[in-house]
Amino acid sequence: MQYRPLGNTGFSISALGFGAFKIGRNQQIKYSQSYDLPDDATTDHLLNSILDLGINHIDTAPAYGISEERIGRFLAHRRKEFLLSTKIGETFENGQSTYDFSRASLQSSIERSLQRLKTDVLDIVLIHSNGDDESILTETDAVEVLQTAKQAGQIRWIGLSGKTVSGVTSALTWADVLMLEYHLEDRSLEDVIRQAAQQGIGVIIKKGLASGQLPAEEAIPFVLSNPGVSNLVVGGLSLKHIQTNWHTAASVRPAA
């Protein structure tokens with residue numbers, strides 16, 4: 001099942017999405033092995049080959065270094081062919097990651113993403129949580145900033161890339177899309193996935209392979225067999241691995 005409904009958005013999203021972290025950042029990483037950033041020609045080929053494969057979702061963030069800029073540079077001419085998700089709240093500059101949920105910073109982040117990605121509208125923008133989901137949702141202007149930008153036509157759909165059961169559950173009241181961690185060794189958000197699906201909220205899974213710790217041939221079918229999951233984001237710099245993962249994802253049917 002290569003394409004699935006993204007909640008009630010009306011968009012059919014590929015079961016596998018591409019996480020664009022590694023094309024933009026290789027400092028302060030959580031991966032077990034270090035890697036070099038690909039050069040421009042390699043990045044151009046990789047991104048366009050991913051779209052040629054049939055993947056129609058690319059996920060990025062200001063926290064992914066130069067990822068947004070590279071996507072804008074190499075895929076702007078194919079913008080109508082894919083759904084683009086990015087985030088607000090975390091940035092990575094000069095080798096340092098910082099969180100800022102002030103209204104001015106979040107508004108500036110949206111404007112920068114539009115410019116870097118060379119697009120008139122961002123399909124999905126998610127709050128990039130630092131782990132303190134509920135405080136961000138209740139004590140900052142993050143949700144209001146997203147809602148205002150959506151009303152202004154800068155964003156199509158809004159949501160949370162969260163880390164806690166309580167935080168992601170709270171976001172069910174306003175989000176169009178949720179991004180959350182779910183894999184063979186962490187099923188703590190399984191009930192939230194079910195609730196989101198019942199409410200017509202799209203569910204995008206991050207770290208479904210536990211940052212590369214789980215074998216893809218087992219991890220991908222586990223995640224995508226959940227009927228509440230819209231899409232699984234997987235990164236990487238090897239086109240061969242991405243092709244293999246795509247074919248694995250395409251063979252999975254959600255459980256009844």
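Student: Which element gives the most to the lining of the largest pocket?

Tutor: The model is predicted. In it, helix H9 gives the most, with four residues. Strand S12 (231-234) and H9 are the elements that give two or more residues to that lining.

Student: What is the volume of the largest pocket, and which residues lie nearest its centre?

Tutor: The volume is about 1,200 Å³. Of the 43 lining residues, Phe21, Lys22, Tyr31, Ser211 and Gly235 lie nearest the centre. By class, the lining divides into 16 nonpolar, 18 polar and nine charged residues.

Student: How many residues line the second largest pocket?

Tutor: This pocket holds about 180 Å³ of space and is lined by 13 residues. Pro5, Pro227, Gly228, Val229 and Ser230 are the closest to its centre. Seven of the lining residues are nonpolar, five polar and one charged.

Student: Back to H9. How do I read its packing against another helix?

Tutor: Two packed helices are described by the angle and the distance between their axes. Here the axes of H1 (residues 40-53) and H9 (residues 239-250) come within 11 Å and cross at roughly 20°.

Student: Why is H1 described as roughly parallel to H9?

Tutor: Because angles under 35 degrees count as roughly parallel, the crossing at roughly 20° makes H1 roughly parallel to H9. The crossing is right-handed.

Student: Which residues in H1 and H9 meet?

Tutor: From H1 come His45, Leu46, Ser49, Ile50 and Leu53; from H9 come Leu239, Ile242, Gln243 and Trp246. Six residues of this contact are nonpolar, three are polar and none is charged.

Definitions and conventions: Residues numbered from 1 in each chain as written. Predicted model: local features only at pLDDT ≥ 70, side-chain atom pairs only at ≥ 80, totals over all residues. Heavy atoms only, no water. Axes fitted to C-alpha atoms, helices over the stretch in contact; angles between N-to-C directions. Parallel < 35°, antiparallel > 145°, perpendicular 65-115°, else oblique. Left-handed = near helix turned anticlockwise from the far one by under 90°. Contact = heavy atoms within 4.5 Å. Nonpolar A, V, L, I, M, F, W, Y, C, P; charged D, E, K, R; others polar. 1 Å grid on protein atoms, 1.4 Å probe; cavity = no way out; pocket = protein on both sides within 12 Å on 5 of 7 lines; lining within 4 Å. Points joined across faces, edges and corners; volume = space filled by probe spheres on them.
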